[in-house]
Amino acid sequence: MYDSLRHRYEHLKLTSNSSNRVMINQSIPSLTPLKTFKLVLSEYLLVSAVIGLVGALLIALLSIYHSRIHYSRRDIEDEHGIPVITTIPHAPGVKTVEQAFKFLASKLNEGLTGAYRIAANALYFSNEAGISRVFGITSADNHEGKTITACALAIEYAASGQRVLLVDMNLRNPMLHRLFNVENHHGLTNILIGNETPINVTHETAFSNLYLICSGPTPANPMQLLANEKLTDFIEMAKQKFDMIILDCPAINIMDEMLLVGTTIDNLLICMRSAVTKKTSIRKAIKKMLGIKRVPTGFILTDQPSSCLLYTSDA
């Protein structure tokens, strides 16, 4: 009896172990060579896609970098055949036009004021017919330093004893009234409409010999207003009262107002901001100005890092 029971126990034990092994083998199916290949291929494709995406991003960033003005003065002059008047250094900590104006007015940075003084002296005799009197300061696009450059040149000429008129020609997005802290209820638009005389809308400023005419109320159609012959009449009248006239003009590529303003000025200066201005934008702006037979007098390179400061044509 005992042997019979022991034999039966051993048989049940072997049967139980065999069942467990079968269950375990069924719960973890073996990978066939085909499935292993598909898994490796999926991982390879995923890695390849990530590498391709990173590469495309790097190419795009390099393209953006090389599309912007960040090359030598000689390269710019050789490409466009237009001289670089001066190079304006970067002002540390300055991020807005208002900050730049305060920095400029304080005259704490001799490098900044000195660079604009170089531009003012060079431009004074830039007109082949004699001393230049009307300067239009513009740029290809916005935020490239044209407004602060217009202010700086006006301040420099006024400091030298010239009687200077600074005019905000940017009728869509005026800025000068904010910098000089004056109201903008009346200005150039009123002169062009004909309901104000220039003397009534001219402001004295904190700078000796420097006077300001703001843009005035924003008109419904700036193009139509600037096409008015009164713009030319206003410039001619201003020449009789002032030694120098500095116009803070709209950007060339934003709207077409500059095509009208450009025909009224003696000298056209284009500001280019380091690593911001696109080369394609400059080419487009010059082409538009040549279309109205207005060859830019020169470039002013703004916000230049110390490694790019170039004050001579040989640099």
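Q: Is histidine 203 buried or exposed?
A: Histidine 203 is buried: its relative accessible area is 16%, and the cut-off for buried is under 20%. Bear in mind that this is a predicted model.

Q: Where does histidine 203 lie, and what does it touch?
A: Histidine 203 lies in strand S4. Leaving out residues up to four places away in sequence, histidine 203 touches Val182, Glu183, Leu210, Tyr211, Leu212 and Cys214.

Q: Which elements give two or more residues to the lining of the second largest pocket?
A: Strand S4 (202–204), strand S5 (210–213) and helix H10 (230–241) do. H10 gives the most, with four residues.

Q: How much space lies in that second largest pocket, and which residues are closest to its centre?
A: The space comes to about 250 Å³. There are 14 lining residues, and Pro198, Ile199, Thr202, Lys241 and Phe242 are the closest to the centre.

Q: What is the lining of the second largest pocket by class?
A: Nine residues are nonpolar, two are polar and three are charged.

Q: And how much space lies in the largest pocket?
A: About 690 Å³. The lining of the largest pocket consists of 31 residues, and those nearest its centre are Thr96, Val97, His143, Gly145 and Ile148.

Q: Which elements give two or more residues to that lining?
A: Strand S1 (84–89), helix H4 (97–106), helix H5 (110–124), H6 and strand S8 (298–304). By class, the largest pocket is lined by 12 nonpolar, 10 polar and nine charged residues.

Q: Take H6 from that list. What span should it have, and what is found?
A: Helix H6 covers residues 146–159, which is 14 residues, so at 1.5 Å a residue it should span 20 Å. The C-alpha atoms at its ends are 20 Å apart, which agrees.

Q: How many residues of H6 are buried?
A: 13 of its 14 residues, so H6 is mostly covered.

Q: What follows H6?
A: Glycine 161 follows H6, and its phi is positive, near 100°.

Q: How far does H5 reach from its first C-alpha to its last?
A: H5 reaches 21 Å with its 15 residues, close to the 21 Å expected at 1.5 Å a residue.

Q: Which residues of H5 are buried, and what do they pack against?
A: The buried ones are Leu112, Thr113, Gly114, Ala115, Tyr116, Ala119, Ala120 and Leu123. They pack against S1, H4, strand S2 (134–139), H6, strand S7 (267–273) and S8.

Q: Changing topic: where is proline 296 found?
A: Proline 296 sits in the loop between helix H12 (279–291) and S8.

Q: Why does proline 296 count as buried?
A: Because its relative accessibility is 5%, and anything under 20% counts as buried. With residues up to four places away in sequence left out, proline 296 touches Ile82, Leu268 and Ile270.

Q: What separates proline 296 from glycine 262?
A: Their C-alpha atoms are separated by 9.6 Å, and the two residues are 34 residues apart along the chain.

Q: Now the whole chain. How many helices and strands are there?
A: The protein chain has 12 helices and eight strands. It has 315 residues, of which 42% count as buried.

Q: What about contacts and surface?
A: Among contacts with a separation of 6 or more, 79% join residues 24 or more positions apart. The accessible surface is about 17700 Å², and 59% of that belongs to carbon and sulfur atoms.

Key
Residues are numbered from 1 along each chain as its sequence is written. This is a predicted model: local features need pLDDT of at least 70, side-chain atom pairs count only at pLDDT 80 or more; totals for chains, interfaces and linings use all residues. Side-chain values use heavy atoms; hydrogens and water are left out. The expected span of a helix is 1.5 Å times one less than its number of residues. Buried means under 20% relative accessible area, exposed over 50%, partly exposed in between (1.4 Å probe, protein chains only). Contact means heavy atoms within 4.5 Å. Accessible areas come from the Shrake-Rupley method with a 1.4 Å probe; for residues, only the protein chains shown count as cover. On a 1 Å grid over the protein atoms alone, a cavity is a set of points where a 1.4 Å probe fits but cannot get out, and a pocket is an open set with protein on both sides within 12 Å along at least five of seven lines; lining residues have an atom within 4 Å of a point. Grid points are joined across faces, edges and corners, and a volume is the space filled by probe spheres set on the points. Ala, Val, Leu, Ile, Met, Phe, Trp, Tyr, Cys and Pro count as nonpolar, Asp, Glu, Lys and Arg as charged, and the others, Gly among them, as polar.
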